[in-house]
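User: I would like to go through the labels used for this model and see what each one rests on. Please set the values against the cut-offs.

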Amino acid sequence: HEHTFVWDGQELLPCACGAEMMAIESVLHPAADDAGRLAGDSYYTGCRLRQELEAVELWLFNAPEQVLQELEAAYPGVYLIHNDAPRPLTALDEPMDSFDWSAWKAEGVRVWVVGPTVDGYLNVGVEDDLETAQKKLDAAYGDNVIRVSQAGPISALSARPNVDGSQVHA
């Protein structure tokens, strides 16, 4: 069954069946850590822990049956494999490393984050006008490479009370 964990405000409570998230993670982390090595750079795209399913969701780029069998043999029943990623993680190194932040700013695309997604795309987090940013980035990188998301600067806010008692953030 799918586990449901509840935060009670102080701690994460076990599922009604008794499963505890930390115990599940202790099994899943080694499988996630080994996934790239087992699949190899030519096929590995990314993964994420799915504690509620007691599984590691794994994205691969056209891995042959032998690789799939090796993954299953190493961690039986642990991987939920999507073997249809558009590219391996290594194919995102060049566009990520060569991303010209200042050039995109000059084009009116305010970028705050660039990094790979677990399913084989380059995530570009922009401040506003996601649709225009997606069109401009697609024109430069080709369709099906970039996924634009909403992002903005991260800042620590300190609150101080106004004269009327409401909060103002400095």
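User: Why is Trp-104 called buried?

Analyst: The model is a predicted one, and its coordinates give Trp-104 a relative accessible area of 11%. Buried means under 20%, so Trp-104 qualifies as buried.

User: What makes Tyr-141 partly exposed?

Analyst: Tyr-141 has 25% relative accessibility. The partly exposed class runs between the buried limit of 20% and the exposed limit of 50%, so Tyr-141 counts as partly exposed.

User: Which label do Phe-99 and Trp-101 get, buried or partly exposed?

Analyst: Phe-99 has a relative accessible area of 6% and is buried, because the cut-off is under 20%. Trp-101 stands at 40% relative accessibility, so it counts as partly exposed.

User: Why is the pair of Phe-99 and Trp-101 called edge-to-face?

Analyst: A search of the whole structure turns up five aromatic pairs. In the pair of Phe-99 and Trp-101, the ring centres are 5.7 Å apart and the planes stand at 80 degrees. Centres within 6.5 Å make a pair, and planes over 60 degrees apart make it edge-to-face, so that name applies here.

User: What makes the pair of Trp-104 and Tyr-141 stacked?

Analyst: The planes of Trp-104 and Tyr-141 are 25 degrees apart, with 6.5 Å from centre to centre. Stacked requires planes under 30 degrees apart, so the angle decides the label.

User: Why is this pair said to tie parts of the chain together?

Analyst: Trp-104 belongs to helix 4 and Tyr-141 to helix 5, so the pair joins parts that are 37 residues apart in sequence. Ring pairs also link Phe-99, Trp-101, Trp-104 and Tyr-141 into a cluster.

User: How do you know that the buried residues of helix 5 line one face?

Analyst: Helix 5 covers residues 130–141, and Ala-133, Leu-137 and Asp-138 are buried in it. Viewed down the helix axis, the buried residues of helix 5 fall within an arc of 130 degrees, so they line one face.

User: What covers the buried residues of helix 5?

Analyst: The cover includes helix 4 (101–106), strand 7 (122–126) and strand 8 (146–150).

User: How does the length of helix 5 compare with the expected span?

Analyst: Helix 5 has 12 residues and reaches 16 Å from its first C-alpha to its last, close to the 16 Å expected at 1.5 Å a residue. Just after helix 5, Gly-142 takes a positive phi of about 95 degrees.

User: Why is Leu-130 called partly exposed, and what does it touch?

Analyst: Leu-130 lies in helix 5. Its relative accessible area is 29%, which is between 20% and 50%, so Leu-130 is partly exposed. Leaving aside residues up to four places away in sequence, Leu-130 touches Val-148, Ser-149 and Gln-150. The C-alpha atoms of Leu-130 and Ser-149 are separated by 6.9 Å, although the two residues are 19 apart along the chain.

User: What makes strand 3 and strand 5 edge strands?

Analyst: Three strands form an open sheet in the order 3-4-5, with mixed pairing. Strand 3 (44–50) and strand 5 (79–82) each pair on one side only, and they are the edge strands. The twist averages 20 degrees from one strand to the next.

User: How many bridges join strand 3 and strand 4?

Analyst: Strand 3 and strand 4 (residues 55–60) pair in the antiparallel sense over six bridges. Pairing needs at least two bridges, so these strands count as paired.

How values were computed:
Residues are numbered from 1 along each chain as its sequence is written. This is a predicted model: local features need pLDDT of at least 70, side-chain atom pairs count only at pLDDT 80 or more; totals for chains, interfaces and linings use all residues. Side-chain values use heavy atoms; hydrogens and water are left out. Helices (H or I, at least four residues) and strands (E, at least two) are DSSP runs, numbered from the N terminus. The expected span of a helix is 1.5 Å times one less than its number of residues. Buried means under 20% relative accessible area, exposed over 50%, partly exposed in between (1.4 Å probe, protein chains only). The arc is that of the directions from the helix axis to the C-beta atoms. Contact means heavy atoms within 4.5 Å. Axes are lines fitted to C-alpha atoms, for helices over the stretch in contact, and angles run from 0 to 180 degrees between N-to-C directions. Rings of Phe, Tyr and Trp (its six-membered ring) pair if their centres lie within 6.5 Å; planes under 30 degrees apart count as stacked, over 60 as edge-to-face and the rest as tilted.
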